[in-house]
Amino acid sequence: MAGFTHLFIPGPTNIPEQVRQAMNLPMEDMRAASFPDLTLPLFEDIKKVFKNETGRAFIYPSSGTGAWEAAMTNVLSPGDRVLMSRFGQFSHLWVDMAERLGFEVDVIDCEWGTGVPLELYAERLKADKAHRIKAIFCTQNETATGVTSDVAGCRAILDDANHPALLFVDGVSSIGSIDFRQEEWGVDCAVSGSQKGFMLPAGLGFLSVSKKALVASRTATHRRCFFSFEDMIRANDAGYFPYTPATQLLRGLRASLDLIADEGLGNIFARHHRLAEGVRKAVDAWGLKLCAKAPKWHSDTVSAILVPEGIDSGDVVKHAYQKYQTSLGGGLNKVFGKVFRIGHLGWLNEVMVLASLSAAELALLDCGVKLAPGSGVGAAIAHFRRSQQPVIAEA
Ligand code: PLP
């Protein structure tokens with residue numbers, strides 16, 4: 001088919017040309033004396049995206065799921081009690097991993113379309129006088145439902161309860177795209193992956209840890225091998241890896257971190273918010289609803305949009321792909337067939353968002369959804385014209 005194929009799933013995301021070109025180079029020697037010239041600045045610069053000042057960051061040749069496993073197996077011990085909540089496919093998978101790794105999981109099931117239940121977490125923490133809960137978990141951005149949770153709120157309830165539990169955050173579809181402050185919010189393990197806000201292919205798992213988590217890892221007894229902090233620290237301190245690193249992806253990471261630094265995190269967050277608002281205006285104009293139950297849960301990186309009764313969202317996604325060469329995200333697990341998703345994160349501008357909305361509109365109309373042609377696109381255009389992209393000077 002002629003023309004571009006468009007990618008608007010919530011990861012992998014579109015890759016900037018500079019990043020693609022930076023990865024287009026011959027294989028190199030990962031034991032060369034000059035290799036640390038690449039890696040040592042990467043270990044430092046990635047911490048800036050997490051806003052981690054006093055801890056350290058690990059870069060694993062894995063996807064985000066590997067970084068989840070690294071966090072749990074290095075910092076916790078078998079049988080440790082952990083407090084988690086489940087409100088979408090990714091928070092569900094994190095719970096599943098914790099159970100399979102042998103932790104005692106206290107899981108709070110929440111309505112899909114809501115996020116981390118701070119009041120219930122606070123109750124559990126206050127009741128836990130013996131401090132048996134070793135960690136609480138927060139999925140900052142539930143990609144399946146387009147819900148953002150309050151990480152700073154998790155820190156506040158831990159402090160309020162005077163509870164020493166560690167704070168684990170899944171930032172796979174948020175870090176580098178929406179506000180995240182590891183040091184300020186006292187996050188002990190923050191997990192992300194290369195294929196979303198970092199604008200790279202999948203293949204790198206990022207884990208940024210606090211000093212407290214590093215100390216905990218020295219006495220934690222869960223078995224680990226591939227993901228061992230100790231092995232990584234020994235090799236990373238010299239600028240190397242304990243196994244073969246994904247050298248091209250590391251070259252791409254250098255380019256993506258440079259792009260992030262050039263734009264500035266504040267500007268990136270503002271851009272994501274403005275683009276996401278454009279999508280939300282379109283959804284309103286179509287007369288449809290988001291899966292996220294209230295504005296406080298709205299995600300600036302992905303919108304999960306409920307289709308009307310009698311319409312299968314899978315048909316909308318299939319149709320957009322087959323007829324209009326546009327990938328939208330489908331509904332996962334409990335929202336299968338009920339939502340389609342527009343990923344609006346990473347390397348993205350107004351016109352790309354308008355393209356995603358045009359494709360969604362065409363596919364919705366073709367699948368029998370009653371809406372006025374151009375209504376969503378028009379509402380987003382009006383929003384983009386009204387709202388100026390603020391430019392924030394980075395400190
Ligand atoms: N957590 C969230 C919120 C995600 O969106 C994803 C993937 O989409 C994951 C975890 C799993 O990451 P990966 O697919 O990189 O292993």
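The side chain of Ser375 reaches the backbone oxygen of Ala372 at 2.6 Å. This contact comes from a predicted model, in which the protein is divided into domain 1 (6-12 + 264-386) and domain 2 (17-262).

**Ser375**

- Ser375 is placed in helix H13, which covers residues 375-386.
- The relative accessible area of Ser375 is 18%, and buried means under 20%, so Ser375 counts as buried.
- Leaving aside residues up to four places away in sequence, Ser375 touches Ala285, Trp286 and Glu361.

**Where the two domains meet**

- The C-alpha centres of domain 1 and domain 2 are 27 Å apart.
- At the interface, 28 residues of domain 1 are in contact with 34 residues of domain 2.
- The size of an interface is often given as the accessible area lost when the parts come together.
- Here domain 1 and domain 2 bury about 2,400 Å² between them, and 63% of this area is on carbon and sulfur atoms.
- On the side of domain 1, Leu265, Phe269 and Trp297 lose the most area to domain 2, and together they make up 25% of what that side buries.
- Between domain 1 and domain 2 the count is 1 salt bridge.
- The side chains of Lys293 and Glu111 meet in a salt bridge, with 3.3 Å from N to O.
- Helix H10 (265-286), strand E12 (302-306) and strand E14 (339-343) each supply at least two residues of the side of domain 1 that touches domain 2.
- H10 gives the most to that side, with 4 residues.
- By residue type, the side of domain 1 that touches domain 2 divides into 15 nonpolar, 8 polar and 5 charged residues.

**Salt bridges**

- Side chains of opposite charge can pair when their charged atoms come close.
- The structure holds 24 salt bridges.
- One of them joins the side chains of Lys47 and Glu44, at 3.5 Å from N to O.
- Lys47 and Glu44 are separated by about one helical turn, because they are 3 residues apart in helix H2 (residues 35-50).
- Lys47 is buried, with a relative accessible area of 9%, whereas Glu44 is partly exposed, at 45%.
- Another salt bridge is formed by the side chains of Arg56 and Asp237, at 3.0 Å from N to O.
- Arg56 lies in strand E2 (residues 56-60) and Asp237 in the loop between H8 and H9, so this pair ties together parts that are 181 residues apart in sequence.
- The side chains of Asp300 and Arg280 also meet in a salt bridge, at 2.7 Å from N to O.
- Asp300 is in the loop between strand E11 (289-290) and E12, and Arg280 is in helix H10, so the pair links distant parts of the chain, 20 residues apart.
- Both Asp300 and Arg280 are buried.

**Thr244**

- Thr244 is in the loop between helix H8 (229-236) and helix H9 (247-263).
- Thr244 has a relative accessibility of 54%, and exposed means over 50%, so Thr244 counts as exposed.
- Not counting residues up to four places away in sequence, Thr244 touches Met30 and Pro61.
- Thr244 and Pro61 are 183 residues apart in sequence, while their C-alpha atoms are 8.4 Å apart in space.

Technical notes
Residues numbered from 1 in each chain as written. Predicted model: local features only at pLDDT ≥ 70, side-chain atom pairs only at ≥ 80, totals over all residues. Heavy atoms only, no water. Buried < 20%, exposed > 50% of the residue type's maximum accessible area, 1.4 Å probe, protein only. Contact = heavy atoms within 4.5 Å. Domains from an automatic or database assignment. Buried area = accessible area lost by both parts, 1.4 Å probe. Salt bridge = Lys/Arg side-chain N within 4 Å of Asp/Glu carboxyl O. Nonpolar A, V, L, I, M, F, W, Y, C, P; charged D, E, K, R; others polar. Polar contact = N/O pair within 3.5 Å; in protein donor to acceptor, adjacent residues only side chain to side chain.
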